[in-house]
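Please keep the structure in view while reading.

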Amino acid sequence: MALMKRFQGKVAIITASTQGIGFGIAERLGLEGASVVISSRKQKNVDEAVEKLKVRGIDALGIVCHVSNAQQRKNLIDKTIERYGKIDVIVSNAAVNPSVDNILDSQESVLDKLWEINVKASILLLKDASPHLEKGSSVVFISSIAAYQPQSSMAMYGVTKTALLGLTKALANEMAPDTRVNTVAPGFVPTHFADYITKDASVVKKEARRDDLT
């Protein structure tokens, strides 16, 4: 069955989008007509992902961007505007979980990194992008089921994802009526990012059961 072209003529930026959930989002938006701007920290990953999208007939632009790097964030927006002249959709997907320690055992540097990438970078990216957002544009934050009930091995990660729920509510009010702001909170998805979970059968079982209950 042919997909609807709901995003025909739209331009979408998706961060952390060369694999996993981010790539899946970029691919679907592209198949529905959007021009997609994908990004990742490594040029090799960007190039490979762009080729995969182009093979499927998707108009894709790939840009190296580490979301915690101010210059690379600005370059992501600048290159998008240089190529397409506007932004209709931003999907903020980049996140890290550098530690499985309990919150009170976490090093300050780990807490800083979690906040910087999982929350702060999303705000700063929108600050750069907001002057270029079209009327009727959409912002989507990728949160997590861990936002609602963090498990011990990803507790602080879950806290940052909870913060995105509050950020969504605040920005939805601030950016209305021209821009919609929403959050998607996926359940367990066996991606590369979740390798540390998928290698532990007991955790997989627990996460699957939690998904069934929500």
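This is a predicted model: local features need pLDDT of at least 70, side-chain atom pairs count only at pLDDT 80 or more; totals for chains, interfaces and linings use all residues.

Residues are numbered from 1 along each chain as its sequence is written, and side-chain values use heavy atoms, with hydrogens and water left out. Helices (H or I, at least four residues) and strands (E, at least two) are DSSP runs, numbered from the N terminus.

**Packing of α4 and α5**

- Helix α4 covers residues 108-129 and helix α5 covers residues 155-175; they pack at an angle of about 20°, with their axes 10 Å apart. Axes are lines fitted to C-alpha atoms, for helices over the stretch in contact, and angles run from 0 to 180 degrees between N-to-C directions.
- The two helices α4 and α5 are therefore roughly parallel to each other. Angles under 35 degrees count as roughly parallel, over 145 as roughly antiparallel, 65 to 115 as roughly perpendicular and the rest as oblique.
- The crossing of α4 past α5 is right-handed; a crossing is right-handed if the near helix is turned clockwise from the far one by less than a right angle, and left-handed if anticlockwise.
- On the α4 side, L111, L114, W115, N118, V119, I123 and L126 meet M156, Y157, T160, A163, L164, L167, L171 and M175 of α5, where contact means heavy atoms within 4.5 Å.
- This contact of α4 with α5 comprises 13 nonpolar, two polar and no charged residues. Ala, Val, Leu, Ile, Met, Phe, Trp, Tyr, Cys and Pro count as nonpolar, Asp, Glu, Lys and Arg as charged, and the others, Gly among them, as polar.

**Packing of α3 and α4**

- Helix α3 (residues 70-84) and α4 have axes that come within 9 Å and cross at roughly 40°. That makes α3 oblique to α4.
- The crossing of α3 and α4 is right-handed.
- From α3, the residues R73, K74, L76 and I77 meet A121, L124, L125, D128 and A129 in α4. By class, six residues in this contact of α3 with α4 are nonpolar, none is polar and three are charged.

**Cavities and a pocket**

- Rolling a probe the size of a water molecule over the atoms shows where empty space is left.
- On a 1 Å grid over the protein atoms alone, a cavity is a set of points where a 1.4 Å probe fits but cannot get out, and a pocket is an open set with protein on both sides within 12 Å along at least five of seven lines; lining residues have an atom within 4 Å of a point.
- There are two cavities of 30 Å³ or more. Grid points are joined across faces, edges and corners, and a volume is the space filled by probe spheres set on the points.
- The largest cavity has a volume of about 50 Å³, and its lining consists of N97, S99, D101, S106, V110, L114, M156 and Y157. Both α4 and α5 give two or more residues to this lining.
- The second largest cavity holds about 40 Å³ of space. Its lining has five nonpolar, three polar and no charged residues, and α4 gives the most to it, with four residues.
- The second largest pocket has a volume of about 150 Å³ and is lined by I123, L126, K127, S130, L171, E174, M175 and T179. Of these lining residues, four are nonpolar, two polar and two charged.

**Backbone geometry**

- Most residues other than glycine have a negative phi, and most peptide bonds are trans.
- Phi of A16 is near 50°, a positive value in a residue other than glycine. A16 lies in the loop between β1 (11-14) and α1 (20-31).
- The peptide bond from A176 to P177 is cis, with omega near 0°. P177 is placed in the loop between α5 and β6 (179-184).
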